[in-house]
Amino acid sequence: MADDKDVLRDVWFGRIPTCFTLNPDEVTEREAEPYYLLLPRVSYLPLVTDKVKKHFLKVMRTEDVEEMWFEHEGTPLKWHYPIGVLFDFHASNTVLPWSITVHFKNFPDVDLLHCPTNSMVEAHFMSSIKEADALKHKSQVVNDMQKKDHKQLWMGLQNDKFDQFWAMNRKLMEYPTEEGGFRYIPFRIYQTTNDRPFIQRLFRPVSTEGNPHTLFDLLKEMCPDALTKDGEEKRFQVVIHGIEPLLETPLQWLSEHLSHPDNFLHICIIPAPTD
Amino acid sequence: MSCGVVDEEEFCRCCRLLLQHSNGVGDGWSWEAVRGSDEGYLKKTLLRSVPAERSVPQKHKEPGSDSEKFDYCHLQTEEQEKQGVDASSDSLRPDAEEEDDGVCGAPAGSSSVLQFEYHILYSCSYRTPVLYFRASTLEGRSLTLEDVWRTVHPNYRLGLQSRPLDAITQQEHPFLGQAFFYLHPCRTEEFMKPLLQMARDQNRQVNYVLSWLSVVGPMVGLEVSLECLKQQQLHPTTPQQLRVPLRGSIQQPKTL
């Protein structure tokens, strides 16, 4: 369906206006100007912040520079989450541009994974794709792919090439028609009210009676508190790629169209704005 | 379980058995429940003695580089490793911290002591256990990935490094949200399959978690105590029978 293809494009080309400022505690030789960028939602911070690094290094001495990391309002940003997930989870209801603080020292190594090179991002990304395919097809599709096919997925993401990526990714989205969907839906639910970083469990796209499971069914099973009960005021927003999909949307459709390039459906449950 | 994987229920049963035994001999394992869910993980903290020149990084190299791969001169010897194992398995004291004192009783100056924290989690995606761990000096400095590679025995190092996805990498702990190292689980099913088949052919009951741990644990310094493997109810086989074929296959990455 032409409409559904448009959804894939809209998701891929989603951008977040962002303002990077240098942490005031960094030692600089002169004042650092903020740096503005449109960040692709589906990418990862280390892949799109070369210019940010270059910009701030101009005012710093090499000996004051350690591994770069990012923070929003006191929370270190996990580079291994897609940028759109970081924004939806931490900054959905704040004013744009998204304000990110750049650090070059005191790397928080309990909270953040190190990312010395972009090959770390590649390893992470491919590992997520593999895991998603373990859930969707018992790893059969990803294992049947050749090394160059894996590279195509990665290069598509790294170079922001929608067609290159989707020419390969569509294979990961196939399923036997008679089964009505994947074996399990690869998803992660992020909640502000939970100590653990996310919920990830087994959930099938179709019920045992053969009915398609919806986003509502998933939330009811995984985090019922996130749902608004009858007569109650809405406390939480369920956000995917910056929008609130209808809860009656079939999960299989969401998995095929609103998953990130890592093939996981990332769902953020955030407090509803009070005003 | 017949095809190399284990379901979550069986995983929990295996963990309970392992815990029962561990509590009996003071092996130091505990069960950490995750708040607000029925999930949890096995945890063990261990002090390991590592030659000083290996635990304090002298130079920074890419873990995959050739120079690093063949730099064996500072590695722990087989003999030292064995001493460590015996010390921990001989001890029957229930207090893990005390028990570990035996491991780090090396002469001052020749080695330094690192604290390793091991977690065994269940991966519902791969339907296998996954080993997460982190390490720090006694002063609390976290070990980097390069530091960790330095603590891996050379026999395992080559095998681990030749397959990037199987290697030790950093990963977020799915329950704690903190940075850990882990051994990627995507090949676990493959190497567990022949092991389970062998046990089935001999009509033996196998504790999946314990057998798996005896394969992956030693790669990152976590030896499964002989007492544990001897325990009939846990694992009705002798350690020699279990370990020889497994070690053989671990050292040949192509067949893994």
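Predicted model: local features only at pLDDT ≥ 70, side-chain atom pairs only at ≥ 80, totals over all residues.
**Ser255(A)**

Ser255(A) sits in helix α10 of chain A, which spans residues 251-257. Its relative accessibility is 0%, so Ser255(A) counts as buried. Leaving aside residues up to four places away in sequence, Ser255(A) touches Met173(A), Phe182(A), Ile185(A), Pro186(A) and Leu265(A).

**Helices α1(B) and α9(B)**

Two packed helices are described by the angle between their axes and the distance between the axes. In chain B, helix α1 (residues 8-25) packs with helix α9 (residues 208-216) at an angle of about 75°, and their axes are 7 Å apart. That angle makes α1(B) roughly perpendicular to α9(B). From α1(B) come Phe11(B), Cys14(B), Cys15(B) and Leu18(B); they meet Tyr208(B), Val209(B) and Leu210(B) of α9(B). The contact holds 7 nonpolar residues, no polar and no charged.

**The second largest cavity**

The whole structure has 5 cavities of 30 Å³ or more. The second largest cavity contains about 130 Å³ of space. Its lining has 13 residues, and the closest to the centre are His80(A), His124(A), Ser128(A), Arg188(A) and Gln171(B). In chain A, α5 (118-137) and β6 (187-191) each supply at least two lining residues. The most comes from α5(A), with 4 residues.

| Class in the lining of the second largest cavity | Count |
|---|---|
| Nonpolar | 4 residues |
| Polar | 6 residues |

Notes:
Residues numbered from 1 in each chain as written. Chains lettered and ligands numbered in written order. Heavy atoms only, no water. Buried < 20%, exposed > 50% of the residue type's maximum accessible area, 1.4 Å probe, protein only. Contact = heavy atoms within 4.5 Å. Axes fitted to C-alpha atoms, helices over the stretch in contact; angles between N-to-C directions. Parallel < 35°, antiparallel > 145°, perpendicular 65-115°, else oblique. Nonpolar A, V, L, I, M, F, W, Y, C, P; charged D, E, K, R; others polar. 1 Å grid on protein atoms, 1.4 Å probe; cavity = no way out; pocket = protein on both sides within 12 Å on 5 of 7 lines; lining within 4 Å. Points joined across faces, edges and corners; volume = space filled by probe spheres on them.
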